[in-house]
Amino acid sequence: MWGYNIQEVDAFLDEIIREFERHESAMTVCQSQLKLLASKLVQLRGGENGSENTES
């Protein structure tokens with residue numbers, strides 16, 4: 001039989017979706033950590049010259 005196995009294609013696409021969701025979740029965590037670190041850096045600098053770089 002020629003062509004694609006629908007179940008195999010569906011399983012492959014489902015794995016791509018799960019992997020994308022894992023990366024998206026990791027990116028969200030990294031963005032939160034970056035904001036926290038930027039805020040701490042501003043505090044350590046005494047609030048000088050850093051406030052304009054902490055907003056996204």
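At the start of α1, which backbone nitrogen does a side-chain oxygen of asparagine 5 reach?

Author: The model is a predicted one, in which local features need pLDDT of at least 70 and side-chain atom pairs count only at pLDDT 80 or more, while totals for chains, interfaces and linings use all residues. Residues are numbered from 1 along each chain as its sequence is written, and side-chain values use heavy atoms, with hydrogens and water left out.

At the start of α1, the side-chain oxygen of asparagine 5 comes to within 2.9 Å of the backbone nitrogen of glutamine 7. This is judged as a polar contact (a pair of N or O atoms within 3.5 Å; within protein, one must be able to donate a hydrogen and the other to accept it, and residues adjacent in sequence count only if both atoms are side-chain atoms).

The protein has one helix and zero strands; helices (H or I, at least four residues) and strands (E, at least two) are DSSP runs, numbered from the N terminus. Helix α1 covers residues 6–44. Just after α1, glycine 46 has a positive phi of about 80 degrees.

A search of the whole structure finds three salt bridges, each a side-chain nitrogen of Lys or Arg within 4 Å of a carboxyl oxygen of Asp or Glu. Glutamate 15 meets arginine 18 at 2.9 Å, N to O; because these two are three residues apart in α1, about one helical turn separates them. Glutamate 15 also bridges to arginine 22, with the closest N and O atoms 3.0 Å apart. Glutamate 19 and arginine 22, again three residues apart in α1, form a salt bridge at 2.5 Å, N to O. Through shared partners, Glu15, Arg18, Glu19 and Arg22 are joined into one network.

Relative accessibility is 34% for glutamate 15, 39% for arginine 18, 32% for glutamate 19 and 43% for arginine 22.

A nonpolar patch on the surface consists of Tyr4, Val9, Phe12, Leu13 and Ile16, with about 560 Å² of accessible area together. Such patches take residues with over 30% relative accessible area and no salt bridge, nonpolar side chains (Val, Leu, Ile, Met, Phe, Trp, Tyr) being joined within 5 Å and like charges within 9 Å. Leucine 13, found in α1, is partly exposed at 42%. Of the 56 residues of the protein, 4% count as buried.

Note on methods. Buried < 20%, exposed > 50% of the residue type's maximum accessible area, 1.4 Å probe, protein only. Areas by Shrake-Rupley, 256 points an atom, 1.4 Å probe, with all protein chains shown as cover.
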